[in-house]
Amino acid sequence: HMGGMCSALASATTADKLIKSQIHLIDLAGSERVKKSKATGTRMREAVGINCSLLVLGKVISALVKGHHHVPYFESKLTTLLKAAFG
């Protein structure tokens, strides 16, 4: 995957509040079907990594929706980077 984060700070003069915003740009590259693409070597490892990250992303979203106390943010680099975006 490829990802990046951009942070911006702005202050509201009327309420003397500091507002922090972040935008996350992530290229998930889609799920990869290793058998269908016949990927080998580095491409196969990348496809497996993408699929693992997408699996963990699904687990994180599911845990948040169900209100679980444990959310597996740290099971992948993708969800670790996106942790702040989930609220």
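**Confidence**
- The protein has an average pLDDT of 79, and 77% of the residues reach at least 70.
- Among the elements, helix H2 (residues 41–66) has the highest mean pLDDT, 90, while strand S1 (residues 2–12) has the lowest, 59.
- A word of care for any model of this kind: where pLDDT is low, the predicted coordinates should not be read in detail.

**Around Tyr 73**
- Tyr 73 counts as buried because its relative accessibility is 10%, and buried means under 20%.
- Tyr 73 belongs to the largest nonpolar core, together with Val 56, Val 60, Ala 63 and Val 71, which makes five residues in all.
- In soluble globular proteins, nonpolar side chains tend to be buried together.
- Beyond its neighbours within four places in sequence, Tyr 73 is in contact with Val 60, Leu 64, Thr 79, Thr 80, Lys 83, Phe 86 and Gly 87.

**The aromatic pair**
- Searching the whole structure turns up one aromatic pair.
- Its members are Tyr 73 and Phe 86, whose ring centres are 6.0 Å apart and whose planes meet at 35 degrees, so the pair is tilted.
- The pair links distant parts of the chain, 13 residues apart: Tyr 73 is in the loop between H2 and H3, and Phe 86 is in the segment after H3.
- Phe 86 is partly exposed, with a relative accessible area of 26%.

**The salt bridge**
- One salt bridge is found in a search of the whole structure.
- Here the side chains of Glu 75 and Lys 59 meet, at 2.8 Å from N to O.
- Glu 75 counts as partly exposed at 45% relative accessibility, and Lys 59 counts as partly exposed at 38%.

**His 70 in the loop**
- His 70 is found in the loop between H2 and helix H3 (77–82).
- Is His 70 buried or exposed? It counts as exposed, because its relative accessibility is 59% and exposed means over 50%.
- From C-alpha to C-alpha, His 70 and Val 60 are 9.2 Å apart in space, and they are 10 residues apart in sequence.

Note on methods. Residues numbered from 1 in each chain as written. Predicted model: local features only at pLDDT ≥ 70, side-chain atom pairs only at ≥ 80, totals over all residues. Heavy atoms only, no water. pLDDT = per-residue confidence, 0-100. Helix = DSSP H or I, 4+ residues; strand = E, 2+ residues; numbered from the N terminus. Core = buried A, V, L, I, M, F, W, Y, C linked by side-chain atoms within 4.5 Å. Buried < 20%, exposed > 50% of the residue type's maximum accessible area, 1.4 Å probe, protein only. Contact = heavy atoms within 4.5 Å. Phe/Tyr/Trp six-rings, centres within 6.5 Å; stacked < 30°, edge-to-face > 60°. Salt bridge = Lys/Arg side-chain N within 4 Å of Asp/Glu carboxyl O.
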